[in-house]
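Hello,

Here is the structure I promised to pass on to you. Have a look at it first, and my notes follow below.

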Amino acid sequence: MIALKDRHPGEGRDRGETRRDFLSRDPGLRRDDDIWQVLEGVPDPEIPVVSVVDLGIVRAVTREQVTITPTYTGCPATQVIERDIRDALDAAGYRDVAVETVLSPPWTTDWITETGKAKLEDYGIAPPSTALTATCPQCGSIDTEEVSRFGSTPCKAQWRCRDCLEPFDRFKCH
Ligand SMILES: [Zn+2]
């Protein structure tokens, strides 16, 4: 260790920062991006067309930790999501990255990305909305009715379009 009095003023600090940029910060950011990419490849167990990133389940990514908030706690898929993310990180070589589940604040449909909403609509699931009526993903009609509080999974309600008579699932809002 070099004593401070032996340094020329300013020299050590400037060099130190430059070296940190090269050795730590840049590869760190790349690592964060790589982890996001791995997570974008993890499909939701219930609706495989959307990823856990599309659904807003992934809240934060650092070099050390991935923070997730599962969708509805009543969902049987909740435990599956955490395990799928763990498996994907392990497979990509990120065994040292922890997966932390945070339940507060609770997941809300507002966290679904625009990409995620578009994918849900393409898949025939009405994107979540606080509107009282759902828009039919088949024909766009708003003349729809809720048939059952529970659709194909506990997280979705079963709806039906009065115009084209097609049934469809709708995400329940929190
Ligand atoms: Zn319709």
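Let me begin in a loop: proline 105 lies in the stretch between β3 and α3. Helices (H or I, at least four residues) and strands (E, at least two) are DSSP runs here, numbered from the N terminus. The peptide bond that leads from serine 104 into proline 105 is cis, with omega near 0 degrees.

Before going further, two words on the source. Please keep in mind that this is a predicted model: local features need pLDDT of at least 70, side-chain atom pairs count only at pLDDT 80 or more, and totals for chains, interfaces and linings use all residues. Residues are numbered from 1 along each chain as its sequence is written.

Threonine 108 also sits in the loop between β3 (98-101) and α3 (114-123). Threonine 108 is partly exposed, with 13 other C-beta atoms within 10 Å. On that scale a residue is buried if 20 or more other C-beta atoms lie within 10 Å of its own, exposed if 12 or fewer, and partly exposed in between, with C-beta atoms placed from the backbone. Threonine 71 is 37 residues away from threonine 108 in sequence, yet their C-alpha atoms are 7.5 Å apart in space.

Next, the helix that follows this loop. Gly116, Lys117 and Leu120 of α3 are buried. They span an arc of only 100 degrees around the axis, which puts them on the same side of α3; the arc is that of the directions from the helix axis to the C-beta atoms. Glu114 and Asp122, on the other side of α3, are exposed. β4 is among the elements that cover the buried residues of α3. Just after α3, glycine 124 takes a positive phi of about 95 degrees.

β1 and β2 run antiparallel and are joined by three bridges, and valine 61 has valine 66 in β2 as its bridge partner.

The other open sheet has four strands in the order β4-β7-β6-β5, again with mixed pairing. β4 (125-126) and β5 (144-148) stand at its edges with a single partner strand each, so one side of each is left without a neighbour in the sheet. Going through the pairs:

- β4 and β7 run parallel, joined by two bridges, and isoleucine 125 stands opposite aspartate 169 in β7.
- β6 and β7 run antiparallel with five bridges, and tryptophan 159 faces phenylalanine 168 in β7 as its opposite residue.
- β5 and β6 (residues 156-161) are antiparallel over four bridges, with glutamate 146 opposite tryptophan 159 in β6.

β7 is mostly covered, since four of its five residues are buried. The hairpin of β6 and β7 has five residues between the strands, and leucine 165 there takes a positive phi near 65 degrees. That is a positive value in a residue other than glycine. Leucine 165 counts as exposed, with 10 C-beta neighbours inside 10 Å.

Finally, which residues have the most contacts inside the largest nonpolar core? They are Leu39, Val52, Ile57, Val58, Val66 and Ile85, in a core of 30 residues. By nonpolar core I mean a set of buried Ala, Val, Leu, Ile, Met, Phe, Trp, Tyr and Cys residues joined through C-beta atoms within 7 Å. At least two residues of this core come from each of α1 (11-40), β1 (58-61), β2 (65-68), α2 (77-91), β4, β6 and β7 (167-171). α2 gives the largest share, four residues. Domain 1 (11-110) and domain 2 (124-171) both contribute residues, so this core lies between them; the domain bounds come from an automatic or database domain assignment.

Leaving aside neighbours within four places in sequence, valine 66 is in contact (C-beta atoms, placed from the backbone, within 7 Å) with Ile35, Leu39, Val58, Val61, Ile85, Leu89, Val97 and Val99.

Best wishes

Methods. Two strands pair if DSSP finds at least two bridges between them. Two residues are in contact if their C-beta atoms, placed from the backbone, lie within 7 Å.
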